[in-house]
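Here is a briefing for a reader new to this structure. Look over the sequence and the model before reading on.

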Amino acid sequence: MSTEKTQEIVARTLASFLAELDDVIGTSVDDQSQLEARAAAVENLQKVVGRQLSEYSVKLNRRRNSLLPIYRLPIELLIDIFLRVIDLIDWDMEQNRNIASVCKAWYDIIIQSPQFWHRINVSHDIDTIKRIMRRNADGPFSIQFDKDSIGETKHEEVLTLLAPQSNRWQSIMFQGRLTDTIFKLISSPAPDLTEIFVYQWSGEPQRKFELPEGKLIRRMDVGLVSLPWSSPRLATLRSIQIRNLNKDLPTLSELSTILSSSPDLTWLRLSEWTETAAPQDDTGPKYPIRLPRLETLVIQSIPSRYVGHLLSHVQSTSCTCLQIDDVHSRHLQSYGAPLIDLVTSSVGTATSLHMDLDETKLKLAISSTPEAHVLDKWIYWANRKPGIEVTIQLKNLAEMRVLAELISGMDLAKGKGDDVERSISLTIAGRGSDPPPETTGETPADPEAQTPFPCDALAYLPLIKDIRCSNHFNATPLLRYLGRPQTTFDDTVKWPCPKLSKLEVNPWESSGDTMFEELKAFGEARVSASRAGDPPPPANEANATDSGQNSESGTVENGGPSTTSPAGGDATAASTDSSSGSGSSADDTTSGEPAAAAVASAESEHAGTSTSAAQPDGISGADDTPAEVSTGSVAETVVDEVQQLEDAIKKAREEEERRNRPAKMERLGVPSEVVERLKEIDLLKDIVSEV
C-alpha cells in the first residue's frame with residue numbers, strides 16, 4: 001500500500017471518528033452528572049486511543065527494524081558482537097542493561113543468553129548472585145573475590161552457595177586470607193577451570209592446591225600458593241605469574257616442562273622465591289626453551305640456579321619488556337647466548353639507554369627511557385610498560401675487562417628504527433677515596449693499569465653522548481683514551497665517542513695540579529686535531545641522543561668559551577671549588593685539595609663560512625674538502641679556557657687556605673676570641689659574595 005493511500009485512510013477514519021464524537025459531546029446537556037460522565041468518557045477514550053496508537057507504533061517500528069541489515073544477522077552472531085562490546089574482565093550488570101535497553105529483541109537476547117551472566121563478584125548481594133545463577137543455569141561462570149569485600153564471613157557464605165556448582169567454574173580470582181573453610185571450598189573439584197588467580201596475603205602459611213583431571217589451564221597467577229607443578233593441566237599456558245613462594249618450589253625439570261609445552265606464552269613473571277636448600281639431584285634439561293611470542297619477562301629475587309637455567313635456555317626475539325636482577329656475566333659472554341637476544345629485542349622500543357657501572361658493588365645496570373615497568377597486580381591489570389631494566393653482576397674486578405665483550409655482544413648502539421637515533425649515557429661510580437688496587441701485572445704507577453674499567457668498551461658505543469664519573473672514579477685512563485685517535489681493524493683512524501656532548505668527572509687525585517694537567521692534555525689533544533684540519537667523523541656512523549638520567553657526581557658546570565673539537569663539537573672545561581675536612585670519604589671532595597670537574601659539551605659548529613661537514617663518499621651532498629677552521633679563534637679560545645681553569649684552581653686554593661687558617665692560629669696560640677671573630681668575618685664575606 002502506498003504512503004498516499006495510507007494517509008488517505010487515516011485521514012478519513014479520523015474525520016469520521018471526530019465528527020461522531022463532536023455530535024455526542026456537542027449535544028446540549030444541562031445535567032451536571034451527565035457532563036461529568038461525558039468528560040470521564042473522553043478521558044478514558046484518550047487513554048485507550050493513546051495505548052492503541054502506541055501499540056500500533058511499536059508494531060510498525062519492529063516491522064521496520066526487522067528489515068535493517070543488523071536484524072537479519074543470526075542471533076549467534078549478534079551475541080558474538082555484543083560480547084566484544086562488553087568488558088568481560090571488569091563486567092557488571094550495567095553493561096548488560098545498556099545493550100538490553102536498545103530494543104525488545106536485544107533485551108530478549110541479553111536475558112536469555114548465559115554468556116552475558118558469566119561473572120559472580122562477592123561484592124554482589126546474595127539475591128543478585130542467585131539471579132545471575134538462574135539466568136546462567138548451565139553455562140560456565142567466573143568467580144571474583146575482591147580484597148576490599150566485607151570479610152571472611154561473606155566469602156564463606158558465597159562459596160557455600162557456589163561450591164555445588166564447581167563443575168561449571170571457568171575462572172577463579174581470589175585475594176585475601178585463606179582460612180581452612182575457604183580453602184576447602186575453593187579447592188572443590190573444577191574440571192572446567194582454565195584460569196586460576198589465587199594470591200594469599202603475606203604472613204599467612206603457604207597453601208597447595210590440587211588439580212584433578214580436567215581442561216588445560218590457560219592463565220596462572222598464584223602467590224603464597226603452590227600447585228602440583230607436574231600436572232598435565234599446566235601446559236599450553238599463555239601467561240604465568242608465580243610470586244612469593246617459600247616452599248614447594250617447582251624443580252628445574254618441572255619448570256622447563258611447563259615452559260616448553262607453552263609455545264604461545266606471552267607473559268612470564270617469577271619473583272620472591274626462597275628455599276632453604278636446593279635438591280641435590282635437581283638438574284634441568286639441556287634442550288632450549290623456545291618462546292617465540294614471549295613479550296614480558298620479569299625475574300626478580302629468585303634462587304640463582306633458576307636464573308641461570310632460564311637465562312641459558314629461554315629463547316625469544318619478541319620480548320619488549322625485560323626486568324632481571326643480578327644476571328651473572330657468564331650469560332652474556334658466550335656466542336649466541338639467549339640473553340643477548342632478549343636484551344636486543346627489549347631495547348628496540350627505547351628512545352634512550354642508561355648504563356650505570358658501580359666499581360664497588362661490581363654491578364652494571366642497564367635501563368631504558370621509558371623505563372620498563374610492570375605493576376604488582378593480576379596479569380589483567382598489570383599495565384606493563386616496554387623497556388629494559390637489567391642488572392649484571394660481575395664476579396670480581398678483573399672481570400671488568402670483559403665489559404667490552406659484553407657491550408659488543410648486546411649491540412646496544414643500534415638505533416630505534418632506520419631514522420631514529422638512540423641516546424646512550426654512562427655513569428661510572430668509583431671506589432671512593434681509597435687508592436685503586438692493582439688488577440694487572442703492570443706497574444701500579446701507571447694509572448691505566450690501576451683502573452678496572454676497560455675504556456675500549458666505549459668503542460662499541462660510538463654515539464654515546466653523556467659520560468659521568470662519580471665517587472672519585474680514576475678518570476685519567478678515560479681522559480687519555482678519549483684524547484687519542486684509535487685505529488680500527490681496517491686501519492681506519494677514528495676518534496672515540498665522536499658525538500660526546502658531556503663529560504663530567506669527580507676528583508680522583510690528591511693533587512689538583514695532576515688533575516689539571518690531565519684535563520688540559522685532554523682538551524688540547526681534541527682541539528689540536530681540529531686545528532690540524534682533521535674533519536669530524538660522519539654523523540651517520542651511529543646513533544644517540546641525550547639521556548634524561550642524572551648523576552650524583554657533585555660537580556658544578558661552568559660554561560666557558562667553546563672550541564671546535566675533532567669530534568665535530570665544542571669542548572669546554574671547568575673547575576669547581578670544593579674541599580673537605582680531614583679523613584677519607586666517598587663524597588665529592590678529597591682532603592686538603594680543591595675539587596675539579598671536566599665538562600665537555602658537543603654541539604655541531606664550524607668556524608668561518610663553511611655550512612656542511614665532510615661526509616663519507618657515496619652520500620648526496622658530500623664534500624671532498626675538509627671543513628674550514630679558524631686557527632686564530634681556536635688558539636685564542638684555548639688560551640681563555642686554560643686561564644679559566646688556572647683562575648678556578650687558584651680560587652680553590654685560596655678558599656682552602658682560608659678554611660685552614662683558624663686551625664693554624666689555634667696551634668700558634670692565638671686567643672680563641674680572635675679565632676671566632678675571624679670565622680664570623682669569613683662567614684660575612686661568604687654571604688656578601690653569594691648576594
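Predicted model: local features only at pLDDT ≥ 70, side-chain atom pairs only at ≥ 80, totals over all residues.

Residues are numbered from 1 along each chain as its sequence is written, and side-chain values use heavy atoms, leaving out hydrogens and water.

**The whole chain**

- The protein chain holds 18 helices and 21 strands. Helices (H or I, at least four residues) and strands (E, at least two) are DSSP runs, numbered from the N terminus.
- Of the 691 residues in the protein chain, 44% are buried. Buried means under 20% relative accessible area, exposed over 50%, and partly exposed in between, with a 1.4 Å probe and protein chains only.
- The protein chain exposes about 35700 Å², and carbon and sulfur atoms supply 51% of that area. Accessible areas come from the Shrake-Rupley method with a 1.4 Å probe; for residues, only the protein chains shown count as cover.
- Take the contacts in the protein chain between residues at least 6 apart in sequence: 68% of them join residues at least 24 apart. Contact means heavy atoms within 4.5 Å.

- Strand β4 spans residues 195-200, and six of the six are buried, so the strand is largely enclosed by the rest of the structure.
- Glu195, Phe197 and Tyr199 point one way from β4, while Ile196, Val198 and Gln200 point the other way.
- In a regular strand, side chains alternate between the two faces of the sheet.
- Strand β3 (residues 169-176) runs parallel to β4, and six bridges join them. Two strands pair if DSSP finds at least two bridges between them.
- Phe174 stands opposite Val198 in β4.
- Strand β6 (residues 219-223) also runs parallel to β4, joined by five bridges. Arg219 in β6 is the bridge partner of Glu195.

**Helix α6**

- Helix α6 covers residues 126-135, and its buried residues are Ile126, Thr128, Ile129, Ile132 and Met133. They cover an arc of only 160° around the axis, which puts them on the same side of α6. The arc is that of the directions from the helix axis to the C-beta atoms.
- Asp127 and Arg134 are exposed, on the face of α6 turned away from its buried side.
- The buried residues of α6 pack against α4 (93-100), β1 (119-121) and α7 (152-162).
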